[in-house]
Amino acid sequence: RTRLIELFKRWFRTHAANPNLGEDEVRRMCALCRDVLNHPRMFPSRNPRSFMHSLAEVYEHLKLQLQECLEKDRTCAELAG
């Protein structure tokens, strides 16, 4: 748990202020979240605010970030075309 959380914290600190965040970067982190969420027995819940619940929230935020990246790419492509 701790290593995964530290990985996410480091990634968010590095990419939080990046206005040119790439789709691939966000997709990778989404995939990591999804892979962990698909194996809930790896991290059994100990309290109502579980690690998996928190990770699910992170995943939802990453999906929103990915949507923003895709919209930006589409807008840039339309302007270039």
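**Note on aromatic pairs, core and cysteines**

1. Three aromatic pairs are counted when rings of Phe, Tyr and Trp (its six-membered ring) are paired at centres within 6.5 Å, with planes under 30 degrees apart called stacked, over 60 edge-to-face and the rest tilted. Trp11 and Phe12 form an edge-to-face pair, at 5.3 Å centre to centre and 80° between the planes. Ring pairs also join Phe8 with Trp11 and Phe12 in a cluster.

2. This is a predicted model, in which local features need pLDDT of at least 70, side-chain atom pairs count only at pLDDT 80 or more, and totals for chains, interfaces and linings use all residues. Residues are numbered from 1 along each chain as its sequence is written, and side-chain values use heavy atoms, with hydrogens and water left out.

3. Burial is assigned by relative accessible area: buried under 20%, exposed over 50%, partly exposed in between (1.4 Å probe, protein chains only). Trp11 counts as buried because its relative accessibility is 11%, whereas Phe12, at 32%, counts as partly exposed. The pair Phe43 and Phe51 is tilted because its ring centres are 4.7 Å apart and its planes stand at 55°. Both Phe43 and Phe51 are buried.

4. The largest nonpolar core has 17 residues, of which Phe8, Val26, Val36, Phe51, Leu55 and Leu62 touch the most other members. Such a core is a set of buried Ala, Val, Leu, Ile, Met, Phe, Trp, Tyr and Cys residues joined through side-chain atoms within 4.5 Å. Helices H1 (2–15), H2 and H3 each supply at least two residues of this core, and H3 gives the most, with seven. Helices here are DSSP runs (H or I, at least four residues), numbered from the N terminus. Beyond its neighbours within four places in sequence, Val36 is in contact (heavy atoms within 4.5 Å) with Leu4, Phe43, Phe51, Met52 and Leu55.

5. Ser50 lies in the loop between helix H2 (23–37) and helix H3 (51–80). Ser50 counts as buried because its relative accessibility is 8%. A polar atom of the Ser50 side chain lies 3.0 Å from the backbone nitrogen of His53.

6. How many disulfides are there? The count is zero, a disulfide being a pair of cysteine sulfur atoms within 2.5 Å. The sulfur of Cys33 is 6.8 Å from the closest cysteine sulfur, that of Cys30, and is therefore too far for a bond. Cys33 is buried, with a relative accessible area of 0%. Cys69 is likewise in no disulfide, the nearest cysteine sulfur, in Cys30, being 9.3 Å away. Cys69 is buried, at 6% relative accessible area.

Definitions and conventions
Polar contact = N/O pair within 3.5 Å; in protein donor to acceptor, adjacent residues only side chain to side chain.
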